[in-house]
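Dear colleague,

Please find the structure below, followed by a summary of what was found in it.

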Amino acid sequence: MNTPPHDQYLKKTCRYCRTPLPAAFLDLGSVALANSYVPVSAPVNEEFRCPLRTTLCPSCHLVQLTHVVPPDLMFKHYLYVSSTTKTFQKHFADYACTVREKLGNAKNPLAVDIGSNDGLLLACYQQESLRAVGVDPATNLAEEANQKGLRTLNRYFDKACVTAILAEFGKAHAVSGNNVFAHINDIHAVCRNVSELLDKNGIFVIEFPYLGVMLEKMYFDMIYHEHLSYIAVTPLTRLLPQFGMEVFDIQEVASHGGSLRVFIKKKEGRHKIEPVVSAFLAEEKRRGFDSEQVYRTFAGKVMKVKTDLLACIEKIRAEGRSIAGYGAPAKASTIINFCELNTRQIDYVVDDNPLKQNHFVPGTRIPIVSSARLETHRPDFIIIFAWNFAREILGKIEPLKQRGVRFIVPLLKIKETVPPDEENLSYQMI
Ligand SMILES: [Zn+2]
């Protein structure tokens, strides 16, 4: 036990500034990969697990995972579902509109989207009369986009890719990377390549779940192996100047419970730096994002979530009553694995995605089933793991509530429907 496992995945220096990293401030245990769903029919094998821990860079104050799992392991069993919901479409239509406005009167502007998926943002760029090119290494997605007339290069965004884009299309006026910044390990290479691709007055737009929201709302279940960096504005101001770039504008957006859309320009670019940038930096300083104490407090609260939830579950089970779960997104894997829940505590988890049904929750033997099971095997309690859809789920299962089923919502305070908890527990019973 003296040698921790997966030492080969341990990251020794900061992704942004190369400073040696200290020990973790939060340890969520040795956890299975959040998107690795094993079929219930598969033989019982030891699942791949890796420590899930976060640390704070003492120099640039980037919060990041201590261990980086190679991408080919993480995406081997990835269950892709196209994200063409109405919410996403509106999100990207607004996104493209904002980018178009910021480009002003640039002539015949080119927008390049890194990790363009099935081309949702590319289509919105075209709507705004931008020339749009996507880059995505997933063959099926690139093919799907190209068939829809959304030009997509099926490759990684590396130096050779930039050379190819420059040769065929010229310099880019906008480069966008949504989730790229939080999910890519070698962020220096990304910055170098973007800087080479961008026109002098071009803009680089990134979107990521905001660290400030995670700390404030206790969204620790956003921590999983694919999500390598937990970004605030302060560390970006240490990273970007190394590549001749700087932040010039910031917008708050609703995705993932609260994200930032950050606009970056070249130092010599024409855009002026908006006051919101210094406001964010001052606010992050005020909230102590550069102090270890803030993260130790956060870690303490996270441990309390586990203690509270386990005590609640133990009490219910001791009374001989049953518990099911609702929702099996990546964030559910984090809570279930961190709390070390298994079939002794939870009989099954319901999820409406048929691709996940008849699989186990990663790292456990808890089966994922369709919501029809709630009728045939009605539980006494349901834990809602997909907090971002809690309101929607509560509406859907109202009839169960009327028949006496009670609900436990970890982490989330749904102020509109739930009275404040007198005992200050980190879950709510409805
Ligand atoms: Zn750093």
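In strand 3, valine 63 is the bridge partner of leucine 56. The model is a predicted one, in which local features require pLDDT of at least 70 and side-chain atom pairs count only at pLDDT 80 or more, while totals for chains, interfaces and linings use all residues. Residues are numbered from 1 along each chain as its sequence is written.

Strand 2 (residues 49–56) pairs with strand 3 (residues 63–65) in the antiparallel sense over 3 bridges; strands (E, at least two residues) and helices (H or I, at least four) are DSSP runs numbered from the N terminus, and two strands pair if DSSP finds at least two bridges between them. Both belong to an open antiparallel sheet of 4 strands in the order 1-2-3-9. Strand 1 (26–32) and strand 9 (229–230) each have a single partner strand at the edges, so one side of each lacks a neighbour in the sheet.

A further open sheet, with mixed pairing, has 7 strands in the order 6-5-4-7-8-11-10. Its edges are strand 6 (152–153) and strand 10 (245–253), each with a single partner strand, so one side of each is left without a neighbour in the sheet. Strand 5 (residues 131–135) runs parallel to strand 6, joined by 2 bridges; valine 135 has leucine 153 in strand 6 as its bridge partner.

Finally, helix 10 (residues 275–286) has 12 residues and spans 17 Å from its first C-alpha to its last, close to the 16 Å expected at 1.5 Å a residue (1.5 Å times one less than the number of residues). Just after helix 10, glycine 288 adopts a positive phi of about 75°.

Kind regards
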